[in-house]
Amino acid sequence: MDFFYFLVTDDNSWELLFHPNYFNGVGFLYGVLGAFAIGVVLALIFYFGCCNNKDSVKYSTKSIWAIFLLIAGVVGYFYADIVLIGDPDTTKPGTFSFSEANNQYYIEQTKGAPVEKVSQLNQIHNKIKSDLKKGGDVRFPFAITTAVLAILFYFIVSLVVKRFTYTGKAIPMLKP
Amino acid sequence: MQKLFIFGIGGTGERVLRSFTMLLAAGVPAFDNYEIYPIIVDYDQKNADKDRTAKLLMEYQAIHNAAFSRHVASSKADGVKEQFFAASLHDLTAGVEGGGNFLFPFKPASDHEKFRKYIGCDAFPKELNETEAFIKSLYDDSDRPDTELNLDMTVGFKGNPNIGSVVFNNIRTTDTFKQFLSNFDPNNNDKVVIIGSLFGGTGASGIPEIAKAITSVKTNPEVAAVLVLPYFAPESKENGAIKASRFNSKTKAAVSFYESSAMKDHIKRCYYVGDFTPTTIPYSEGGDTQKNNANLVELVAAMMIENFVSGRKGISSDGSADYKFSFDSNIYANSRQESHDRLYVTDFDDVSFQNVLRYLIQLSIALKFVRDEIYEPKSLSDSRSYVSLLNLNEILKGGKEGKNGQDRVWGFISGLSSFYGKLQEWMKELDYEGNGTTIPGQSHRIALCDMERPLDSIVVCKTVEDIKEENPQGGFLNRIITGAKTAMEKTSGSSRNNLDADFLNARMDSSIKDNGSVGHYDTSKNSLRSDHEPEWVLADILYRVVKEAFDEGKVKISEN
């Protein structure tokens, strides 16, 4: 899944040990799956909600489709930002956010570790936490990539399902 | 396919044909299985009514051909059914010298030809002295210009059936009539309708002559005559050849002749229609000044053709072959109408409404939609499936120069847009209330549709005041019921009458669907089916959409 998230893996922060632990495990997977779900759900809402009314085409337009596209991006962005990256100050055990994983990783790695290593890990842990709070680290590249993926999935699903609707066959375009 | 030959004789016949063309355009189902052969017969070469009807028929034919000719050829279908402009028109007179444009080549041999010249009154050979004497005993042979022998036949027979019948007697020898006879096959259930007035010259003389000419050659033909009784009265003019005061006596003479002669033996059904209160019209002896407003009587006469072709019994039929319609028996139903002059679609009986009038309303809606939502906008929303699938934006941009059949779609759309004006003009004439004292209004107006109104109120309905006036005793109760209905509609936020462009656009889109080989759309290819020509698809979905709207009660036809 890191193929989709080249913006994240190209980020300087990626070099820090804490990241692959989370993202290569569930982060990218949940990001892609979440983006896919958002794209599918919004496309289905648009096509089978707005484009399946035989009595009106008020909401069956390219403009409304574009608004749904935007919503897919925004929802994807905040899903990645809030759910997957999370708030470092309010992490809860049992959640699968990066902020929580960051804490868990620190706890696991420092158990019985030499003082120097604990100090080093503590420094990295705090730096990630601090950067995340300021919107830094991989927060933005991860969120924006998830948003783009959500948009992409919305677009792809649109092309697939539009032909099965009453009034949405030409939205966003007739072909393919 | 069965054929339907319609002879529109004289000015009245032409105007009835005009109304009949509107019924054909509306897709009245009775004509679905017919090839229609309109034949305009008029000695008056410059008659404005004739030109108008001929042009309308040609316009109809162009629209029909644009929409359906390619589809009929490719599908090898036996005609077109359940569509606007479904019936195919055929011009029997095309290719005949002096014919074409549905006009029977029936005209004076020279300009200002006099009747005396036509019968050779001044050139009888000596051996026909007795004939000459006989002719002179029948006609006034003085030199006065207003005598029958001196009648200038350039503008027809000016209300003289005794002259017309002489001229019409030769019609059976013409090439066009022979061509008609060779096309007309009673064994194929082909039908003939002859339309004309009994109070003028051309129709009254032409109807029996044509009927006789048919039955003298064909066995047991299905022939009907629509006999129009006086329904208009030209303003009087000093020394004018046409006098409205003589219409009734001339009609009585004609009816008496038809009754006493064997004329009715040649006809399966006789339809009579007239108006006891004729509409006053400006005086005209014919030519380019004869351009009368459409009249309710002509519409009813056209509806009689539908009655004949459908084979229904007339509601006033007592078992005889005569069907009599006027505005005080069958159609003229409500007490209010006896003293007032405006009728509405709801004043007609349900059979007339369901078989004819509803289709005129549907046509009005369709034409308004095409003109306002497709033809006139500079560009159409390509969010609409039908716009994109039919490539309408490119077609409208390319106009008639379009390639690969796009010119046909253009022809269909622009044809409908032009026909909009014709239909609107016709309906306005039917509902003409007069222009002060200069141009009198119709004595009986019929309010059908006003195409300048929004779609949800396109049908002209009785006003609440009209209804109250008709039902004064039920006023209080009606108010309670109407008030309750309105309140319920407001509370539920719904109304059954919400026909608008949004609704029609949605139905246009949803009508292009994949429904096996019947549907126009192929889901797997995301395109129209290969054998579904876009012009036919457009015509088909347009008809279906408007019909659906009507069937679902979206079209408001009355206030209550």
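These legends accompany a set of close-up views of a predicted model.

Residues are numbered from 1 along each chain as its sequence is written, while chains are lettered from A and ligands numbered from 1 in the order in which they are written. Because the model is predicted, local features need pLDDT of at least 70 and side-chain atom pairs count only at pLDDT 80 or more, with totals for chains, interfaces and linings using all residues; side-chain values use heavy atoms, leaving out hydrogens and water.

**View 1. Two cis peptide bonds in chain A.** Most residues other than glycine have a negative phi, and most peptide bonds are trans. Look here at the bond from A:I171 to A:P172, which is cis with omega near 5°. Helices here are DSSP runs of H or I with at least four residues, strands are DSSP runs of E with at least two, and both are numbered from the N terminus.

**View 2. Positive phi in a loop of chain B.** B:E82 is not a glycine, yet its phi is positive, about 50°. This residue sits in the loop between α2 (48-75) and β3 (88-89) of chain B. B:F85 also has a positive phi, near 55°, and lies in the loop between α2 and β3. Buried means under 20% relative accessible area, exposed means over 50%, and partly exposed is in between (1.4 Å probe, protein chains only).

**View 3. A nonpolar surface patch on chain A.** A:L70, A:V74, A:F78, A:I82, A:V83 and A:F96 make a nonpolar surface patch of about 550 Å². Patches are made of residues with over 30% relative accessible area and no salt bridge; like charges are joined within 9 Å, and nonpolar side chains (Val, Leu, Ile, Met, Phe, Trp, Tyr) within 5 Å. The accessible areas come from the Shrake-Rupley method with a 1.4 Å probe, and for residues only the protein chains shown count as cover. To get your bearings, find A:L70 in helix α3 (residues 62-85) of chain A. A:L70 counts as exposed, at 58% relative accessibility.

View 4. Strand β1 (residues 2-9) of chain B pairs with β4(B) in the parallel sense over five bridges, and B:I6 has B:V193 as its bridge partner. Two strands pair if DSSP finds at least two bridges between them. β4(B) also pairs in the parallel sense with strand β5 (residues 222-228) of chain B, over seven bridges; here B:V192 is partnered by B:V223. From β4(B) the chain crosses through helix α7 (residues 202-215) to β5(B) in a right-handed β-α-β crossover. Right-handed means that, with the strands pointing away from the viewer, the path from the first strand over the helix to the second runs clockwise.

View 5. Over all chains, the structure holds 29 salt bridges. Each is a side-chain nitrogen of Lys or Arg within 4 Å of a carboxyl oxygen of Asp or Glu. In this one, A:K127 meets A:D131, with the closest N and O atoms 2.9 Å apart. The two are four residues apart in helix α5 (residues 115-133), so about one helical turn separates them. A:K127 is partly exposed at 45%, while A:D131 is buried at 19%.

View 6. B:R15 forms a salt bridge with B:E298, the closest N and O atoms being 3.1 Å apart. B:R15 lies in helix α1 (residues 10-25) and B:E298 in helix α9 (residues 296-310), so the pair ties together parts 283 residues apart in sequence. B:R15 is buried at 2% relative accessibility, and B:E298 is buried at 2%. B:R52 bridges to B:D49, with closest N and O atoms 2.8 Å apart. Both lie in helix α2 of chain B, three residues apart, about one turn of the helix. Salt bridges that share partners join B:R15, B:R18, B:D49, B:R52, B:E298 and B:E429 into one network.
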